[in-house]
Amino acid sequence: MLTYLLILVGLFLIYWGFSWLWSYYQKSKFKAIGGEIAPEEFEHTMRKAQIIDLRERNEFKAGHILGARDLPYTQLRERLGEMRKDLPVYLYDKTGVLSLRAARRLRKNGFEKISWLKGGYDNWSGKTKKSPTNY
């Protein structure tokens, strides 16, 4: 019984290690065109970019980065035409996990300057705005 438990733990650790390495590899591919940026840099340079909130509408209405557009990840494919390819794109979600997926999708669709907020909205301490309840 203990042997099976050790095998399961070992397999989990191997899976976790490969997942981490894959994520690190994916993030490193974006360094030349933007990539993950700290909240301070995000705030300092966001005026020159399209800020896209990838969270669902109810989370966006509860509070979002000032100047961000509501474009949930679940609708990204259908709404790509609303974004400009000639401007940098700054992405964020709740924790930063979906932003990498969205960045890959944007790059496949011809966007060249893509960055995302390190740690996501949970890591943001800059200006925010709540949407009115009759949104």
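**Aromatic pairs**

This is a predicted model. Searching the whole structure gives three aromatic pairs. Select Phe 42 and Trp 124: their ring centres are 5.6 Å apart with planes at 75°, so this pair counts as edge-to-face. Phe 42 belongs to helix H2 (residues 39-45), and Trp 124 to the loop between S6 and strand S7 (128-129), so that the pair links distant parts of the chain, 82 residues apart. Phe 42 and Trp 124 are both buried.

Next, select Tyr 92 and Tyr 121. Their ring centres lie 5.9 Å apart and the planes are at 25°, so the pair is stacked. Tyr 92 is in strand S5 and Tyr 121 in the loop between S6 and S7, so the pair ties together parts 29 residues apart in sequence. Both of these tyrosines, Tyr 92 and Tyr 121, are buried.

Ring pairs join Phe 42, Tyr 90 and Trp 124 into a cluster.

**The nonpolar cores**

Which residues of the largest nonpolar core touch the most other members? Select Ile 52, Leu 76, Met 83, Val 89, Leu 91, Leu 106 and Phe 111; the core has 16 residues, and these seven are the ones in question. Strand S5 (89-92), helix H4 (97-108) and strand S6 (114-117) each contribute at least two residues to this core. H4 gives the most, with four residues.

Apart from this core lies another, of 13 residues, including Phe 42, Met 46, Ile 51 and Tyr 121. Phe 42 and Tyr 121 were already visited as members of ring pairs.

Not counting residues up to four places away in sequence, Val 89 touches Gln 50, Ile 52, Met 83, Leu 106, Phe 111, Lys 113, Ile 114 and Ser 115.

**Arg 84**

Select Arg 84, in the loop between strand S4 (69-70) and S5.

Leaving aside neighbours within four places in sequence, Arg 84 is in contact with Gln 50 and Phe 111. Gln 50 is also on the list of residues touched by Val 89, as is Phe 111. A C-alpha to C-alpha distance of 8.3 Å separates Arg 84 from Phe 111, and in sequence they are 27 residues apart.

**The whole chain**

Zoom out and colour by secondary structure. The protein has four helices and seven strands, and from the N terminus the elements run α-β-α-β-α-β-β-β-α-β-β. Its C-alpha atoms fill a box of roughly 55 × 35 × 30 Å along the principal axes. Of its 135 residues, 36% count as buried. Among contacts with a separation of 6 or more, 70% come from residues 24 or more positions apart.

Then colour by domain. The domain assignment gives domain 1 (1-32) and domain 2 (35-129), with C-alpha centres 27 Å apart.

Technical notes
Residues are numbered from 1 along each chain as its sequence is written. This is a predicted model: local features need pLDDT of at least 70, side-chain atom pairs count only at pLDDT 80 or more; totals for chains, interfaces and linings use all residues. Side-chain values use heavy atoms; hydrogens and water are left out. A nonpolar core is a set of buried Ala, Val, Leu, Ile, Met, Phe, Trp, Tyr and Cys residues joined through side-chain atoms within 4.5 Å. Buried means under 20% relative accessible area, exposed over 50%, partly exposed in between (1.4 Å probe, protein chains only). Contact means heavy atoms within 4.5 Å. Domain bounds come from an automatic or database domain assignment. Rings of Phe, Tyr and Trp (its six-membered ring) pair if their centres lie within 6.5 Å; planes under 30 degrees apart count as stacked, over 60 as edge-to-face and the rest as tilted.
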